[in-house]
Amino acid sequence: TGKSVLIKCIQGLLNADSGSIKIDEEEVVGAPRKQVEAMHTKMGMLFQGGALFDSLSVWQNVAFGLIENQNMPKKQAKNEAIRVLRQVGLAPDVADLSPSELSGGLARAIATKPEIIFFDEPTTGLDPIMSDVINDLIIESVKGLGATALTITHDMASARKIADKIAMLYKGKIIWQGTVKEMDKTDNPYVRQFINGCSQGPIKVEV
């Protein structure tokens, strides 16, 4: 319905066809490349499944933005990566593991101390207990950084736990937005159908 495309447009990775996107009052749509790249330094991203580089160790993945974008010396970057891994509940000895042995996606997302963090389906494919662990880590990390987080999710338990505000996208448009309490009280038929998981309603599933 356009959730990932929306995030990529906000990040400046895709050019919006029309409309306006402002970050700290700066227009992203049609902005010069240098301006968009400067905005990227304020952002962190946790992709679905972690999306780590298989050829790099966990600490190198976590420190990737520090080394490539901030020119931090490798020794300092590794120390910072280990500090961030601790912050998300991972021991220092995981730093030299390969991504196949561990997902350090959240640690990489927060390593550069971003002002804005994007989470793309962070709990997809996880069991309920692990999903709750990830939700807690997201809350702790965002509050610790004082950052703004924008999350794409179909997981209503996750949305209820981590969200201050929720918006529902349907066919490329925001059809409802509000707080969790407002969501649970709304009579919007699309929202009611989605949060209750009903097959009957205005949203038709194409098989």
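1. Lysine 171 sits in the loop between E6 and E7, with helices (H or I, at least four residues) and strands (E, at least two) taken as DSSP runs numbered from the N terminus. Its phi is near 50 degrees, which is positive although the residue is not glycine. Lysine 171 counts as exposed because its relative accessible area is 66%; the cut-offs are under 20% for buried, over 50% for exposed and partly exposed in between, with a 1.4 Å probe and protein chains only.

2. A word on the source: this is a predicted model, where local features need pLDDT of at least 70 and side-chain atom pairs count only at pLDDT 80 or more, while totals for chains, interfaces and linings use all residues. Numbering runs from 1 along each chain as its sequence is written, and side-chain values use heavy atoms, with hydrogens and water left out.

3. Glutamate 25 also has a positive phi without being glycine, near 70 degrees. This residue belongs to the loop between strand E1 (22-23) and strand E2 (26-27). With 69% relative accessibility, glutamate 25 counts as exposed.

4. Now the overall picture. The protein has ten helices and seven strands, and 40% of its 207 residues are buried. Taking contacts (heavy atoms within 4.5 Å) with a separation of 6 or more, 54% are between residues 24 or more positions apart.

5. Which residues have the most contacts inside the largest nonpolar core? They are Trp59, Val62, Ala63, Leu106, Ile117 and Phe119, in a core of 24 residues. For the term itself: a nonpolar core is a set of buried Ala, Val, Leu, Ile, Met, Phe, Trp, Tyr and Cys residues joined through side-chain atoms within 4.5 Å. Two or more residues come from each of helix H3 (58-62), helix H5 (74-87), helix H6 (105-111), strand E4 (116-120) and helix H7 (128-145). H5 contributes the most, at five residues. There is also a second, separate core of twelve residues, with Ile10, Ile23, Met45 and Ile116 among them. As background, nonpolar side chains tend to be buried together in soluble globular proteins.

6. Zooming in on tryptophan 59: setting aside residues up to four places away in sequence, Trp59 touches Ile67, Lys74, Ala77, Lys78, Ala81, Ala95 and Asp96.

7. Beyond its neighbours within four places in sequence, leucine 66 is in contact with Asn71, Met72, Ala77, Glu80, Ala111 and Thr112. Lysine 113 is 47 residues from leucine 66 along the chain, and their C-alpha atoms are separated by 9.9 Å.

8. Is asparagine 135 buried or exposed? Asparagine 135 counts as buried, because its relative accessibility is 3%. The residue is part of helix H7. Its contacts, not counting residues up to four places away in sequence, are Thr123, Ser158, Lys161 and Ile162.

9. On to helix H10 (residues 189-196), whose buried residues are Val191, Gln193 and Ile195. Their cover includes helix H8 (156-162), strand E6 (166-170), strand E7 (173-178) and helix H9 (180-185). Just after H10 comes glycine 197, with a positive phi of about 65 degrees.

10. Threonine 186 is in the loop between H9 and H10. A polar atom of its side chain is 3.0 Å from the backbone nitrogen of asparagine 188. At 13% relative accessibility, threonine 186 counts as buried. Leaving out residues up to four places away in sequence, threonine 186 touches Trp176, Val191 and Arg192.

11. Last, the largest pocket. About 1,500 Å³ of space lies in it, the volume being the space filled by probe spheres set on grid points joined across faces, edges and corners. On a 1 Å grid over the protein atoms alone, a pocket is an open set of points where a 1.4 Å probe fits, with protein on both sides within 12 Å along at least five of seven lines, and lining residues have an atom within 4 Å of a point. Of the 44 lining residues, Leu150, Thr151, Lys165, Ile166 and Ala167 lie nearest the centre. By class, the lining has 29 nonpolar, seven polar and eight charged residues; here Ala, Val, Leu, Ile, Met, Phe, Trp, Tyr, Cys and Pro count as nonpolar, Asp, Glu, Lys and Arg as charged, and the others, Gly among them, as polar.

Key. A polar contact is a pair of N or O atoms within 3.5 Å; within protein, one must be able to donate a hydrogen and the other to accept it, and residues adjacent in sequence count only if both atoms are side-chain atoms.
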